[in-house]
Amino acid sequence: DSVRRERTSFGDWYFESLREFPAEHYLRLDVDVKVRHVPVEVFAHDFDIAIAKERKGTMNNGVVFVKNREFFRDCQEAYWTRTSKDNWNDIQVATQMVIDDGRFRIRKLDPEVYNHTPDRPGDFRQAKLVHFSGKKDWFGR
């Protein structure tokens with residue numbers, strides 16, 4: 001059953017949808033991620049979430065392996081109490097804050113394998129998940 005709920009912000013919808021996803025363990029991907037090889041081996045490890053770093057050292061929400069959905073409750077709280085709640089970046093900032101708080105077991109993944117971006121130098125052949133992040137020209141405008 002799906003339930004329609006009114007959301008006060010995109011951040012609320014985002015974090016609540018991750019908490020309410022109907023699976024015990026799951027892989028959350030952005031729509032611009034191509035799966036080259038299914039990375040089932042990640043779930044063999046012990047973690048609350050597993051996530052890859054971006055170039056600047058922050059984690060990227062485009063690829064998140066989830067074993068503890070309560071992580072996103074803390075993210076939503078950080079979003080409301082510790083960010084300006086303005087845009088997508090605040091969702092990433094709130095997530096990074098909760099990672100940095102150290103309350104959850106975070107498995108940091110190799111971005112070249114689990115969140116490879118084509119503009120990054122490196123060996124594309126080892127990439128299991130390719131993330132075409134950044135500005136999109138979806139409609140050729």
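**Strands, rings and charges**

Modeller: Let us begin with strand pairing. Strand β3 (residues 49–53) pairs with β4 in the antiparallel sense, over four bridges. Please keep in mind throughout that this is a predicted model.

Biologist: Which residue of β4 stands opposite Lys53?

Modeller: Met59 in β4 is the residue opposite Lys53.

Biologist: How many bridges join β1 to strand β4, and in which sense do they run?

Modeller: Four bridges join β1 to β4, which covers residues 59–66, and the two run antiparallel. Individual partners can be followed along the strands. Tyr26 has Val66 as its bridge partner in β4, and Arg28 has Val64.

Biologist: Where do the side chains of β1 point?

Modeller: Along β1 (residues 26–29) the side chains alternate between two faces.

Biologist: How many of the residues of β4 are buried?

Modeller: Eight of the eight residues of β4 are buried, and the strand is thus described as mostly covered.

Biologist: Why does Phe15 count as buried?

Modeller: Phe15 counts as buried because its relative accessibility is 0%, and the cut-off for buried is under 20%. Tyr79, with a relative accessible area of 3%, is buried too.

Biologist: What is the geometry of the pair formed by Phe71 and Phe104?

Modeller: Phe71 and Phe104 form an edge-to-face pair, at 5.3 Å centre to centre and with 85° between the planes. Here again distant parts of the chain are linked: Phe71 is in helix α2, while Phe104 is in the loop between α3 (88–101) and β5 (106–109), 33 residues apart. Both of these phenylalanines are buried.

Biologist: Which residues do ring pairs link into a cluster?

Modeller: The cluster consists of Phe10, Trp13, Tyr14, Phe15, Tyr79 and Trp80. Phe10 lies in helix α1 and is partly exposed, with a relative accessible area of 46%. Together with Trp13 and Trp88, Phe10 also makes a nonpolar surface patch of about 320 Å².

Biologist: Which charged residue sits over the ring of Phe47?

Modeller: The charged end of Lys67 does so, 4.7 Å from the centre of the ring.

Biologist: This brings us to charges. What can side chains of opposite charge do?

Modeller: Side chains of opposite charge can pair when their charged atoms come close. The structure holds seven salt bridges. In one of them, Asp30 is joined to Arg28, with the closest N and O atoms 2.5 Å apart.

Biologist: Are Asp30 and Arg28 buried or exposed?

Modeller: Both Asp30 and Arg28 are buried.

Biologist: What is the distance between the closest N and O atoms of Arg103 and Asp74?

Modeller: The closest N and O atoms of this salt bridge are 2.1 Å apart. The pair links distant parts of the chain, with Arg103 in the loop between α3 and β5 and Asp74 in helix α2, 29 residues apart. Arg103 counts as exposed because its relative accessibility is 61%.

Biologist: Where do Arg82 and Asp101 lie?

Modeller: Arg82 and Asp101 form a salt bridge whose closest N and O atoms are 3.0 Å apart. Arg82 lies in helix α2 and Asp101 in helix α3, so the pair ties together parts that are 19 residues apart in sequence. Arg82 is partly exposed, with a relative accessible area of 41%, and Asp101 likewise counts as partly exposed, at 43% relative accessibility.

Biologist: Which residues are linked in a network of salt bridges?

Modeller: Asp46, Asp48 and Arg105 are linked in such a network.

Methods: Residues are numbered from 1 along each chain as its sequence is written. This is a predicted model: local features need pLDDT of at least 70, side-chain atom pairs count only at pLDDT 80 or more; totals for chains, interfaces and linings use all residues. Side-chain values use heavy atoms; hydrogens and water are left out. Buried means under 20% relative accessible area, exposed over 50%, partly exposed in between (1.4 Å probe, protein chains only). Two strands pair if DSSP finds at least two bridges between them. Rings of Phe, Tyr and Trp (its six-membered ring) pair if their centres lie within 6.5 Å; planes under 30 degrees apart count as stacked, over 60 as edge-to-face and the rest as tilted. A charge sits over a ring if NZ of Lys or CZ of Arg is within 6 Å of the ring centre and within 35 degrees of the ring normal. Patches are made of residues with over 30% relative accessible area and no salt bridge: like charges are joined within 9 Å, nonpolar side chains (Val, Leu, Ile, Met, Phe, Trp, Tyr) within 5 Å. Accessible areas come from the Shrake-Rupley method with a 1.4 Å probe; for residues, only the protein chains shown count as cover. A salt bridge is a side-chain nitrogen of Lys or Arg within 4 Å of a carboxyl oxygen of Asp or Glu.
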